[in-house]
Amino acid sequence: MSELRHDPIARRWVIVALERATRPEEFTYPKPVPESDEPPCPFCPGQEAGTPPELVALRDNGEANAPGWRVRVIPNKRPVLAIEGRPDRSAVGIYDRMRGIGAHELVIETPEHGLAPHELPVLQFAAALTVSRERIADLKGDERFKHILLTRNYGVGAGARIHHPHQQIIAIPVTPLRMAAQLNAAHQHYMLKER
Ligand SMILES: [Zn+2]
């Protein structure tokens, strides 16, 4: 399991994820995968057995973990943070650490492989965002989580390893320093200006 460690100088939390150290491409700029090598990928319809069971899906037909979906949500196969357990904060000398508890979900935006963000039909993108919003609302009910992040990588340069349109939802047990600063600034602005 990964671990969260507090940097007392920079005052921020860092995720140390040993399970993901086997991703050698993190250290070199990855070559783009040729188009012909792509579908079917694990996110394509018909490949559902190759992913963890779906958490939720928007379906026209078919049963769970089978084709017929329009938007599909699955847990990340190699999550940065694990969903089970308590954070179990502990101290080591001047350091603080806690277990890497969190949620790491993938929202597959469309059954169609390889669409660029601007090629996705607006209604399909809206459907994917609606599903993401529902997942975020669900995760908000979990008192262990302090911050929920929605990201959408596109292209190898951004770290997207699978060229099938997808978003990532990450719920973490701490508030990122920059987010806390922004929230404090908004609060202080409101208190001072009353708007
Ligand atoms: Zn695909």
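The model is predicted: local features need pLDDT of at least 70, side-chain atom pairs count only at pLDDT 80 or more, and totals for chains, interfaces and linings use all residues. Residues are numbered from 1 along each chain as its sequence is written.

Let's look at the strand pairings first. Strands (E, at least two residues) and helices (H or I, at least four) are DSSP runs, numbered from the N terminus, and two strands pair if DSSP finds at least two bridges between them.

| Strands | Bridges | Sense |
|---|---|---|
| S1 and S2 | 5 bridges | antiparallel |
| S3 and S4 | 4 bridges | antiparallel |
| S4 and S7 | 4 bridges | antiparallel |

Across from S4, Leu58 stands opposite Val71. Of the 7 residues of S4, 5 are buried, so the strand is largely enclosed by the rest of the structure. Buried here means that 20 or more other C-beta atoms, placed from the backbone, lie within 10 Å of the residue's own.

Elsewhere, 4 strands form an open antiparallel sheet in the order S2-S1-S6-S5. Its edge strands, S2 (12-16) and S5 (90-92), each pair on one side only. Within this sheet, Glu3 stands opposite Val16 in S2.

Key:
A residue is buried if 20 or more other C-beta atoms lie within 10 Å of its own, exposed if 12 or fewer, and partly exposed in between; C-beta atoms are placed from the backbone.
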